[in-house]
Amino acid sequence: MKKLSLYIFLVLMFCNVGFANNFYCNVDSYGFDGNKWRSYPDNVFLITYDNQNLIMTDTAINSDWNFEIIKNDKDHISAVIAAGAQFGRRPIFESIIFYKKELFVVFAYSANDGITINKGQCFRK
């Protein structure tokens, strides 16, 4: 009986890790600060999602962005944040589209200090 419990535990552990929706993405960022466009290449974003929420971690500033998924089908996920209170200072509107088949992400936000557009290839963690 102890062996059976161990095997069940190991199978459940594998299922939890083996099918997780975790990705790292190499993205290029382009920001407009009101005066000119600037390029910020080679950023890394970490993306995790379930059926209702998508969390993107910007490793350059070590911040998590929690998105509400508005569409999740076999091809892509669309998610938004439509509030400025998450950090108390920056985002006014943010959106992210994650293309599941191509493993490609496009993330954009506008804030009182400018606009940033990020795009790049993702890889399963």
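Ser29 touches Arg38, Ser39, Tyr40, Asn43, Thr116, Ile117 and Asn118, leaving aside residues up to four places away in sequence; contact here means heavy atoms within 4.5 Å. This is a predicted model, so local features need pLDDT of at least 70 and side-chain atom pairs count only at pLDDT 80 or more, while totals for chains, interfaces and linings use all residues. Numbering runs from 1 along each chain as its sequence is written, and side-chain values use heavy atoms, with hydrogens and water left out.

Back to Ser29, which sits in strand E1 (residues 22-32). Strands (E, at least two residues) and helices (H or I, at least four) are DSSP runs numbered from the N terminus. With a relative accessible area of 5%, Ser29 is buried; the cut-offs are under 20% for buried, over 50% for exposed and in between for partly exposed (1.4 Å probe, protein chains only). One of its neighbours, Asn118, is also its partner in a side-chain polar contact of 2.4 Å. A polar contact is a pair of N or O atoms within 3.5 Å; within protein, one must be able to donate a hydrogen and the other to accept it, and residues adjacent in sequence count only if both atoms are side-chain atoms.

Two loop residues come next. Asn62 is not a glycine, yet it has a positive phi of about 55 degrees. Asn62 lies in the loop between strand E3 (53-58) and strand E4 (63-72), and it counts as exposed at 65% relative accessibility. Leu103, not a glycine either, has a positive phi of about 50 degrees. Leu103 falls in the loop between strand E6 (91-99) and strand E7 (104-111) and is partly exposed, at 22% relative accessible area.
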